[in-house]
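Open the model in your viewer and keep the sequence panel beside it. The stops below go one selection at a time.

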Amino acid sequence: MITAQIFWQSFINGILMGGIYALVAVGLTLIYGVMNIMNFAHGEFLMLGMYISYWAFTLLGIDPYLSVVIAFLILFLIGTLIEKTMIEPVLKGQPLNQLLLTIGISLFLSNMAVFLWSSDNRSLQTTYSNTSFNLGNIVLHEPRLVAFLFAVVISIVLYIFLQKTKIGKGIRAASQHKEGALLVGIDVKKSYMIAFGIGVACAGIAGVLLSPFFYINPTVGAAFSFTAYVIVVLGTMGNFVGALIGGLIIGIAEAIGGIVFMPSLKQVISFGIFILVLLFKPTGLFGGQQ
Amino acid sequence: MLKIQKLEVSYGGMVALRDVSIQVNEGELLAIVGSNGAGKTTLLNTISGLVKPAKGTIEFMGNRIERLEPPAIVRQGIVQVPEGRKLFPRMTVLENLEMGAYGPQAADKLSETLDMVFELFPKLKERRKQLAGTLSGGEQQMVAIGRALMSRPKLLMLDEPTLGLAPKMKDLVLKTVLNIHKKGTTVVLIEQNVAYSLNICTRAYVLENGSIVLEGQGRDLLGNEHVKKAYLGL
Amino acid sequence: MRKKWILAVLTILLVVVLVTASGCGQKSSESQDASKKISQSQGAGKDTNVIKIGAIYPLSGPTAQDGENQRKAHELAVEEINKAGGIKSLGGAKLQFVYADSQSKPEVGIAEAERLINQEKVVALMGTYESHVAMSVSEIAERYGIPIIIPNALADKLTERGLKYTFKTVIKTSDFGRDTGKFVREIGEKTGKVAKRAAILYGDFFFGHEVAEGWIKQLPQMGFEIVANVAYPVPATNMQEALLKVKQANPDVLFVLGNISEAVLTIKQLKELNYWPTYGVVGVGGGFSNPVFLQNTGQLAEGLFIANDWFPEINRAGSKEVNKKFKDKYGIDMTGNANTTYAATWVLADALERAGSTDGNKLREALANTDITSGPATFMYDRIKFDETGQNISAQNVIAQVQGGKPMVVWPDKYKIADPKWPVPGWDKR
């Protein structure tokens, strides 16, 4: 019933969207893996990234792809500040306090956005916002392709950073054994700050990459954060590679499921995967490696 | 070298250490003896900065360190091989050792120190690319000791390094500790085999219910009636 | 020590959030208070002869802005009615609106309705923007024998319950199906480009399904075959799956309902997928008629048809003037039902004039006999006359086409300000 053309178009769409999902989830899983807290304000940092891109383009004429760097720096700074002043004090406290805190930050950020920029939808109109080209009979939308490639490259760079650099290794050590890390002289508090800053900056970059072809409003983050939580659990909480693969799986499942069944059911599909994973492999797809 | 005076530590209202005064002299191999829950691990963790004392002072080579954070204390030259090893399980042996040299001074001498550790534990060289979490208990203990040595410590503290190891492995680990001491590192040792540790140490303290009850030369303590009864089962 | 820190941080955060949130809300309630004082002093200053009308709207929460727009529309009409001498048959009595906040909750709406009737002694109710609140509030009006005029809530059910005191001036939800279908059929017959295969696309929420029901019921009766019936999730991160499902069915025309975010994504992603139905796309719902939609889509929206009951660019007597007055006073176009609310305020004035009484029964009688064909009340619809259910028989949508970046009314003929372009060419032929 579904033609091959529609199927492959959906498949490609799913992979491209999955790349963005993965980048959002990578930041979330990094924060969880290192600090053992779920950042419920993650989607709002994506939203901030979108606005940074929007204003940089509208006021200063800066191309969104250059804004990636600006957004990274700004959100890294905001992230480390928030970590230092708000999250660090509650890390030793009850999990409930941490939950309330990150939800509070999320409410604060979206209300702040309404206050500063109103709740109206905005769109960036770049010259390439709507350009696409054909690959056989499949249409490839350029900004999505670029966003996907950026997401993959940024994820790889981040992976190398964590694997090869001294700070990256320190962050991994702190995530695997906090006391052990303290006892070899790693500044664990600093590692947390950096990890949180990088984690939210990833969400912000995803927002920048979406900005040329998505709408922007203060609550746009919520739509992405739900998917990101599913991906993080699917790919094993705290597992970097798991988040990447989980992002692609959910992207493809939503796209194919959406045309086979009904688009309104696509979140049911990702939620179904989520429940199956919880039932049969509660530690996620990569739980064995933990 | 290390001078602790009237140290008091409590956890949530429970006093874990009371009025503890200890001195470690340069070049010593100091043993700390006591039953489970006497406060030995708390004492090491307080020195390392993981636990902050309620009262008292800790002085290391003339500097007060009791308010410093753990990384700063490592930089002063005090390193602990913690009970349970506390390795980074999903990092390789080599990465674990590299983490030991995280501080700036140690990082400069990284490859030199690494050669030294590999010489001490040839097995680790073989397994350097293996994940630490997949090693046997004895091998993990080698990594833990090796990791501590990587920071070029002036004072090395070991907390139950032979716990849960096979007899052969125990011997090897203790022999290595003696070896390290012989090469000039000051050592504080907590060891479940009280007879053995009193035999090899230069001096020892006996810790009971958070207080020091005895101190002296290892051999003197071996002859002490209380020690004989309580720790040597004689 | 730690715990105190945590508490301190949480408290500060909470305070900041509350201040920010209430900061937004406060403005509207302040201005509301201010306007209340104005209308009170106007009434009290000249005469004690004042007729109180209760108006219930969401004045806080996510739809507060919409509620606020309705209030503005009432105030503009009241100002004009009172300036023109008030209700002459009642000795020039002045109208005074008393506003209450429903918080978008039916139970709050009920409590406020009872308060307005019992304490404020209002003689009629108006409101409530949201259908689920209107359902409950109209029951209260019925129980007290006080007429309620609903100019801004669309649900079909509102006038299908046999209530005697409920009058609805605005269109029904199912009229979207009727009017969009009628338009596409008529333009097909006129141009010879007859659209037969229809796709419907709507959000998976209550209003979405209501509109879809209208299409499913009425399109086949008008000769359409529904070849794709697609619901998308709300909020949507992606409309591509939905649009590919539409594409797969290869329809002649796509009928699509959307809130602002989904409306924007639909148009952008049709372009991304380089897909356009054979003849065109008809958008329905607040999303497409919101001016923000065109700011967000720019060139892409060119040629799109949009159904709504009113547009600023329409050829209807008095329309431009009323919009200008509103825009001069408040700085925004009179969209989002502010227009029907304004018109219905005049309908109430007309009924009061004819009733010559504020008695609930007599006022109901006068409303039931309403038949207005000119004046400010008809700037939306040709005629105001209620059928036996209380529904305005002439309420209908008009269709605009985005031409030169503006929605220009193209149907029905008598209101058109521009000629429709049909079929609308695909992306590569523009």
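How many bridges join strand β3 (residues 29–33) of chain B to strand β9 (residues 203–208) of chain B? Select both: they run parallel and 4 bridges join them. Two strands count as paired if DSSP finds at least two bridges between them. Helices (H or I, at least four residues) and strands (E, at least two) are DSSP runs, numbered from the N terminus.

Before going on, note that this is a predicted model, in which local features need pLDDT of at least 70, side-chain atom pairs count only at pLDDT 80 or more, and totals for chains, interfaces and linings use all residues. Residues are numbered from 1 along each chain as its sequence is written, chains are lettered from A and ligands numbered from 1 in the order in which they are written, and side-chain values use heavy atoms, with hydrogens and water left out.

**Chain B: the sheet**

Now select the whole open sheet of 6 strands, in the order β6-β7-β8-β3-β9-β10 (chain B), where the pairing is mixed. Go to the edges, β6 (78–81) and β10 (211–217) of chain B: each has a single partner strand, so one side of each is left without a neighbour in the sheet. From one strand to the next the twist averages 20 degrees.

Move to chain C, which has 13 helices and 12 strands. Of its 430 residues, 59% count as buried, meaning under 20% relative accessible area (1.4 Å probe, protein chains only).

Select strand β1 (residues 50–57) of chain C, where 6 of the 8 residues are buried. Strand β2 (residues 94–101) of chain C pairs with β1(C) in the parallel sense over 8 bridges. Within this pair, I51(C) stands opposite L95(C).

Which partner does β1(C) have over 4 bridges? Select strand β3 (residues 124–127) of chain C, again paired in the parallel sense. G54(C) stands opposite L125(C) in β3(C).

Conventions
Buried < 20%, exposed > 50% of the residue type's maximum accessible area, 1.4 Å probe, protein only. Axes fitted to C-alpha atoms, helices over the stretch in contact; angles between N-to-C directions.
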